[in-house]
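This briefing is for a reader who wants the local geometry and packing of one chain set out by topic. Please look over the sequence and the structure before reading the points.

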Amino acid sequence: MLCAACTASLPALPAHCPWCALPSPFGSVCGSCLAGPPNFDATLALWLYEFPCDRLVQALKYRSRLALAPFFARNFAARPLPPVDLVVPMPLHPKRLAQRGFNQAVEIARCLARSSGLLHAPRGVRRVKDTTAQTELPYEERARNVRGVFACDLDLSGKRVAVVDDVMTTGATLNELAKVLKRAGASRVENLVIARSVLR
């Protein structure tokens, strides 16, 4: 896996909005989040979705390099994590899970929960609609594409939840999931993502 020097060279986020992790002067809340607050409460992104971080994410996701999951989890654990009661991985629809054979978010969340002593709920949240992949859609259609795709079987009353995912682009999928988690009673939802895409 990557040595300390190579890990330190991965593309760091510039000063960014604590809510959505997009670049923002002095790390202040960005105008977009002020104008329309998202359903989630904060985002921790490890790196920018740029070379070579993008290749690492793709190696895990599309080439089954599962050894990268504990590497990503260790890097989350090395950051000041928010106080949370439960770690929830971004779910895949059963059809896509069968095609890929694993859910990369589950693999990372499992390693993170084990190393940090956090509770992990790999099956409490479901993706109930098989939708077009977000990467295949224009940005303006992505929120509509994920509307109503999640269901939560957990009682999250008063719980602080961390959602683990690989890449945050528009944030539409994470926003929809946060809405469902809050309907289930979550008091706070924070995103833990490997990489933040800042291309618009």
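The model is predicted. Helix α4 spans residues 68-77 and packs against helix α6, residues 104-116, with axes that come within 8 Å. Seven of the ten residues of α4 are buried, so this helix is largely enclosed by the rest of the structure. Under the distance rule for cysteine sulfurs, the count of disulfides is zero.

**Burial of α4**

- The buried residues of α4 are Leu68, Ala69, Phe71, Phe72, Ala73, Asn75 and Phe76.

**Packing of α4 with α6**

- The two axes cross at roughly 50 degrees, and α4 and α6 are therefore oblique to each other.
- The crossing in which α4 passes α6 is right-handed.
- On the α4 side, the contact is made by Ala69, Pro70, Phe72, Ala73, Phe76 and Ala77. On the α6 side, Glu107, Ile108, Cys111, Leu112, Ser115 and Ser116 make the contact.
- Sorted by class, the contact of α4 with α6 holds nine nonpolar residues, two polar and one charged.

**Packing of α3 with α4**

- The axes of α3 and α4 lie 10 Å apart, at an angle of about 130 degrees. α3 and α4 are therefore oblique to each other.
- From α3, Leu56, Val57, Ala59 and Leu60 meet Leu68, Ala69, Phe71 and Phe72 of α4.
- This contact of α3 with α4 has eight nonpolar residues, with no polar and no charged ones.
- Ala69 and Phe72 are named in the contact with α6 and also in the contact with α3; both residues are listed as buried.

**Backbone exceptions**

- Most residues other than glycine have a negative phi, and most peptide bonds are trans. The next points list exceptions.
- The peptide bond from Phe51 to Pro52 is cis, with omega near 0 degrees. Pro52 sits in the loop between β1 (42-48) and α3 (53-63).
- Phe26 is not a glycine, yet its phi is positive, near 60 degrees. This residue is placed in the loop between α1 (4-8) and α2 (31-35), and Phe26 is exposed, with a relative accessible area of 84%.
- Ser64, also not a glycine, has a positive phi of about 55 degrees. Ser64 belongs to the loop between α3 and α4 and counts as partly exposed, at 41% relative accessibility.

**Cysteines**

- Cys33 counts as buried, at 4% relative accessibility.
- For Cys53, the closest cysteine sulfur is in Cys6, at 13 Å, so this pair is too far apart for a bond.
- Cys53 also counts as buried, with a relative accessibility of 0%.

**Glutamates**

- Is Glu176 buried or exposed? At 9% relative accessibility, Glu176 counts as buried. Its place is in helix α8, residues 172-183.
- Setting aside neighbours within four places in sequence, Glu176 is in contact with Val146, Arg147, Gly148 and Phe150.
- Glu190 is part of strand β6 and counts as buried, at 11% relative accessibility.
- With neighbours within four places in sequence again left out, the contacts of Glu190 are Ala42, Pro82, Val161, Ala162 and Val163.
- Glu50 lies in the loop between β1 and α3, the loop that also holds Pro52. At 37% relative accessibility, Glu50 counts as partly exposed.
- Glu50 and Pro11 are 39 residues apart along the chain, and their C-alpha atoms are separated by 6.8 Å.

Notes:
Residues numbered from 1 in each chain as written. Predicted model: local features only at pLDDT ≥ 70, side-chain atom pairs only at ≥ 80, totals over all residues. Heavy atoms only, no water. Disulfide = S-S within 2.5 Å. Buried < 20%, exposed > 50% of the residue type's maximum accessible area, 1.4 Å probe, protein only. Axes fitted to C-alpha atoms, helices over the stretch in contact; angles between N-to-C directions. Helix = DSSP H or I, 4+ residues; strand = E, 2+ residues; numbered from the N terminus. Parallel < 35°, antiparallel > 145°, perpendicular 65-115°, else oblique. Left-handed = near helix turned anticlockwise from the far one by under 90°. Contact = heavy atoms within 4.5 Å. Nonpolar A, V, L, I, M, F, W, Y, C, P; charged D, E, K, R; others polar.
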